[in-house]
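Trainee: I'd like to go through this structure with you. Could we take it one topic at a time?

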Amino acid sequence: MAKLIDGKAIAAEIREEVKAEAMALREKGIVPKLAVILVGDDPASVVYANSKKKAAEKVGIDFELFNMAGTTPEAEVIALIEKLNNDKSVHGIMVELPLPDHISKEKVMEAVNPLKDVDGVHPVNRGYILSGQEGLFPATPQSCVEIMLRSGVELKGKHAVIVGRGETVGKPLVFLLLKHNPTITICHSRTPDLGYHTRQADIVIAAVGKANMIKADMIKPGAVVVDAGINEVEGGITGDVDFEAVKEVAGAITPVPGGVGSLTTAILFKNVLLGVKLQQQQ
Ligand code: NDP
């Protein structure tokens, strides 16, 4: 039976570190602030943004939500981003996705100052991931790495198989993980016989978006299984891994909920503090 990796406990540990750092900045007169832009009035997104606001304020980060109507022209969204780029009291800018169809995601992402791009979506930050330079990187792939490091998973020399090469999780994860010296295989929808690859892995990281697709017979006994998937199912959410069966085979496993997803907001706040540092260095 696998060791259960407790994402909630690890997230609480990261939030404590963020709080200590945010308080130290406040003592120096710097109040870290995150601005979130939400275009549209999807009630679930508004609830989610408000829960992020509560979490931010608990760790000493100011939070302002800009909720624009779903019909707002693209130019107006970009004008707000430019205003926030020039506002020295704002250290992080995050635009909630998806955006309405009449707004170009690429134009909006490129409008954010890379030093305030706490979602790590600006092409400059995506380049820094490749070059290994310091930058702001997306929270979920960072969470996948952090949850392993903080639970004592050895990465050096191990064979990690990443399932999924999406822009949000799988692709940036390759480069964040590579810094820790595993050998990496990347699988995707055109990979024939996925199980052939995952069965060879010391570490399997699933980032696909298909409920319970990673089965017990696809896992080497004792392997570490990290599940970044979030799939809505009747009665809640589930991951990409068939948790109940895989936990009988794996050596360690992250649950959904309570695993990788628990870390993402805490890591986002870490990015706000890194933004403060990068902006000070300017
Ligand atoms: P994308 O939809 O961008 O990418 C999915 C990837 O899965 C693609 O590379 C696709 O391959 C691959 N894939 C699809 N079907 C299969 C298959 N049968 N076998 C192998 N690979 C397959 O997803 P994201 O990167 O945006 O997100 C991945 C998952 O992470 C989702 O479940 C999402 O909900 C979750 N997520 C979790 C977050 C968190 O906070 N924990 C935050 C953000 C995302 P191909 O490239 O060939 O199409």
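Predicted model: local features only at pLDDT ≥ 70, side-chain atom pairs only at ≥ 80, totals over all residues.

Trainee: How many cavities of 30 Å³ or more does a search of the whole structure find?

Mentor: On a 1 Å grid over the protein atoms alone, a cavity is a set of points where a 1.4 Å probe fits but cannot get out. Points are joined across faces, edges and corners, and a volume is the space filled by probe spheres set on them. With the cut-off of 30 Å³ or more, the number found is one.

Trainee: Which element supplies the largest share of the lining of the largest cavity?

Mentor: Lining residues have an atom within 4 Å of a point, and they include I93, M94, V95, V108 and D117. Strands are DSSP runs of E, at least two residues, and helices runs of H or I, at least four, numbered from the N terminus. Both β4 (92-95) and α4 (105-111) supply at least two lining residues. The largest share, three residues, comes from β4.

Trainee: At roughly what angle do the axes of helix α6 and helix α7 cross?

Mentor: Axes are lines fitted to C-alpha atoms over the stretch in contact, with angles from 0 to 180 degrees between N-to-C directions. For α6 (residues 139-149) and α7 (residues 170-178), the axes come within 8 Å, and the crossing angle is roughly 35°.

How values were computed
Residues numbered from 1 in each chain as written. Heavy atoms only, no water. 1 Å grid on protein atoms, 1.4 Å probe; cavity = no way out; pocket = protein on both sides within 12 Å on 5 of 7 lines; lining within 4 Å.
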